[in-house]
Amino acid sequence: MPRNSEQKIKLLILYDILRKNTDENHPMTTKEIVAALQEYGIGVSRKTLYEDIDLLVRYGYDIICIKGRNNQYFVGGHDFERPEIEVLLNAVSASKLLTQAKSSVLSEKLAELLGKPQGNELKNTVTVTSNKSDNERIYYTIDAITTGKNTQVIKEYIKNQLKKDKENMQLSIDYPEDPFTGSKE
């Protein structure tokens with residue numbers, strides 16, 4: 001990587017390395033961070049690394065330094081706390097709407113939000129239930145409904161259901177013609 005490009009992206013890669021690989025129980029030493037940056041083709045001295053980490057901290061990133069003979073660093077706070085990710089993982093695991101494959105992929109992504117150390121621990125504690133859907137399309141149907149795609153089809157379906165309810169007198173509510181706007185056509 002050319003030296004100029006290397007310098008521009010170095011801080012982003014540095015933070016990404018710390019975010020993905022550290023937590024309070026799994027800090028990285030200066031030496032380990034330098035080696036990780038070298039895997040990206042970025043050479044850095046210890047002094048420069050200290051300055052880069054200090055710059056990230058001044059900008060508001062929660063990077064904690066454990067001072068010692070070999071300084072150790074870790075990201076103090078991730079976007080989600082472990083219990084929050086556990087709840088989401090359990091919800092994905094229990095969902096009958098998702099296929100086994102989709103549940104596994106989502107579980108991996110959720111676990112990674114905590115970083116590799118805690119993510120790997122969590123992945124081993126949650127098991128995906130076996131009574132899953134085999135319909136991969138349901139996932140995309142939910143997306144279509146929630147993003148407003150096929151809104152006209154959904155409106156028609158709801159109108160027909162409401163019409164059937166009226167005809168069968170199952171419910172005693174006077175429905176408006178358009179359930180989305182509340183107005184009669």
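Modeller: Happy to! Let me begin with Arg 82, which is partly exposed at a relative accessible area of 26% (buried means under 20%, exposed over 50%, and partly exposed in between, with a 1.4 Å probe and protein chains only). Its partner is Glu 86, and the two side chains meet in a salt bridge at 3.3 Å, N to O (a side-chain nitrogen of Lys or Arg within 4 Å of a carboxyl oxygen of Asp or Glu). Glu 86 is partly exposed too, at 30%. Both residues belong to helix α4 (residues 82-94), four residues apart, about one turn of the helix; helices are DSSP runs of H or I with at least four residues, numbered from the N terminus.

Shared partners link Asp 16, Arg 19 and Lys 20 into one network of salt bridges. Within it, Asp 16 and Arg 19 meet at 2.9 Å, N to O. They sit three residues apart in helix α1 (residues 3-21), so about one helical turn separates them. Asp 16 is partly exposed at 23%, and Arg 19 is partly exposed at 26%.

In helix α3 (residues 46-58), Lys 47 and Glu 51 are four residues apart, again about one helical turn. Their salt bridge spans 3.8 Å, N to O. Here Lys 47 is exposed at 59%, while Glu 51 is partly exposed at 45%. The whole structure holds six salt bridges.

Please keep in mind that this is a predicted model: local features need pLDDT of at least 70, side-chain atom pairs count only at pLDDT 80 or more, and totals for chains, interfaces and linings use all residues. Residues are numbered from 1 along each chain as its sequence is written, and side-chain values use heavy atoms, leaving out hydrogens and water.

Notes. Helices (H or I, at least four residues) and strands (E, at least two) are DSSP runs, numbered from the N terminus.
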